[in-house]
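Visitor: Please take me through how the parts of this model pack together. Start with whatever terms are needed.

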Amino acid sequence: MSQTLQVVIVPSPGMGHLIPFIEFAKHLVHFHDYFNVTCIIPTIGSPPDAMKASLLALPPTINHIFLPPISFEDDRSDYSEVGNEVLISLAMTRSLPSLRHILKSLIETNNRVVAFLVDFFGTAAFDVANEFDLSSYLFFTSNAMALSTGFYLPKLDRMVSCEYRDLPELVKIPGCVPVHGRDIGEPFQDRKSDTCKLFLNIMRRFGLAKGIILNTFIDIEAGALKALMEEEEEYSGEVRPPIYPIGPLIRAGSSDHGPGSDCLTWLDNQPSGSVLYVSFGSGGTLSHDQLIELAFGLEMSQQRFIWVVRSPNDESANAAFFEVQSVKDPFGFLPEGFLERTKQRGLVISSWAPQIEVLGHGSTGGFLTHCGWNSILESVVYGVPMIAWPLYAEQKMNAVMLNEDVKVALRPKVHKEDDGLVIREEIAIVVKELMEGEEGKKVRKRMREILKDAASKALMEDGASRKALLKLAHEWKNQTAGN
Ligand code: UDP
């Protein structure tokens, strides 16, 4: 009988969640060659090309299976008001019957399934795993600060009755830099909303996991990880499973000429460290007013830039989450004459850039980011200092962490609190400061000389993250020995 052990991983729909799952799978099969991984992927609509391309490039020891897509087309009116988080969670729940079916046939053909890892939005699948006696783990694609918040919020929910943004004092999440209530994840800003209730319900199920795997590393989140790994009074007696920080796992660069790869040739012709890369992740969108301010701000800064532009959306900051590509031509929304005026030092690309290759290119000297956790880790691994421009989810907390705690990012001020605009003058100042100023020098130094180094050490043979992965692998291997 084959000695290969199976690990099943179940990400939620969307690139941002799939990427760390497949990176985890790659590390696992690379360092522990007695494992095979099956990635079972729930989807909403048909999967984007970028997703299919990432999956097709995987080694033969990692299989993938798309579950039948969940569609909200027929009952769109019922869901027109709900956020993406609710849709993702519904898609995960509606995918449970097909997940059960696939798991059953997988176990029938190979009874050596030793672990079942699900995404934050998929904790309902713990019950399906229990039906087959599988050990369930939560694979948390965000960071320790967000996880710590997840354990702490049910307590805060009981303690205060106002909206968190109205709290007069800073919120002290165990082990983390204190944050304003308004910076706690966007889903919690309206406590009566379905999204807030959904998140609280999900978080209450964290304790059911046999372990929680986190794509982070000690030096970037020492306080939060220590608090999570030790008994902390503030968590109010919540059961916390063992924590495994195995990061930073990021995608490797590729020499394939994917979408937007002309920008690498453009970068080849720019001076070292001179270009600011501007991107809002796989689904981030700005309002039209904000897009205009950003365009003028970049122009006024007189700095070189690559900007991944997406069509604006005035309703939602993650409007492109499932599509990635803009539906309309995004260039049509830019200020008149902008492309012509900036063509000597700026490159604007539509919807998608080969981000890893851009961040790893010697001409890139800064990253204006929406503070998605994958983007942050990628920037850290390549030692690129950031401008933190959070949009949704837990990104405002990430921005506080980067700016005030780890000190590897500058943060522009929002001038009109009401509609949250960052105006062009402020953008020009902060971009110039990052690329040429004294503050920029400080964050660049910290990023290059401290954090980048620590990230690479964490993954070395005796590094803490490699040891955490080894511990998991042993646990899974020993589990079969005991069976
Ligand atoms: N990404 C990319 N090109 C783009 C935009 C995003 O390759 O133009 C990748 C990026 O490298 C990262 C992921 O998509 O790995 C985005 O994940 P993140 O957690 O930063 O943000 P999310 O998209 O989940 O909000």
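Guide: Two residues are in contact if their C-beta atoms, placed from the backbone, lie within 7 Å. Helices (H or I, at least four residues) and strands (E, at least two) are DSSP runs, numbered from the N terminus. Residues are numbered from 1 along each chain as its sequence is written. The model is predicted: local features need pLDDT of at least 70 and side-chain atom pairs pLDDT 80 or more, while totals for chains, interfaces and linings use all residues.

Visitor: What is the mean pLDDT of the chain?

Guide: pLDDT is the predictor's confidence in each residue, from 0 to 100. In this chain 91% of residues reach 70 or more. The mean is 90.

Visitor: Which residues in helix 8 meet helix 7?

Guide: On the helix 7 side the residues are Gly 150, Leu 153, Pro 154 and Asp 157. Their partners in helix 8 are Leu 200, Met 203 and Arg 204.

Visitor: How are helix 7 and helix 8 oriented to each other?

Guide: Their axes (lines fitted to C-alpha atoms over the stretch in contact, with angles from 0 to 180 degrees between N-to-C directions) come within 9 Å and cross at roughly 120°. Angles under 35 degrees count as roughly parallel, over 145 as roughly antiparallel, 65 to 115 as roughly perpendicular and the rest as oblique. Helix 7 and helix 8 are therefore oblique.

Visitor: Is the crossing of helix 11 and helix 16 left-handed or right-handed?

Guide: Helix 11 (residues 288–301) and helix 16 (residues 424–436) pack at about 45°, with axes 7 Å apart, and are therefore also oblique. A crossing is left-handed if the near helix is turned anticlockwise from the far one by less than a right angle, and right-handed if clockwise. For helix 11 and helix 16 the crossing is right-handed.

Visitor: How many residues of domain 2 are in contact with domain 1?

Guide: The bounds, from an automatic or database domain assignment, are 5–251 + 460–479 for domain 1 and 261–456 for domain 2. The domain centres, taken over C-alpha atoms, are separated by 26 Å. Domain 1 puts 32 residues in contact with domain 2, whose own number is 30.

Visitor: Which helix supplies the largest share of the side of domain 1 that touches domain 2?

Guide: Two helices, helix 1 (15–31) and helix 7 (144–159), each supply at least two residues of that side. The largest share is four residues, and these come from helix 1.
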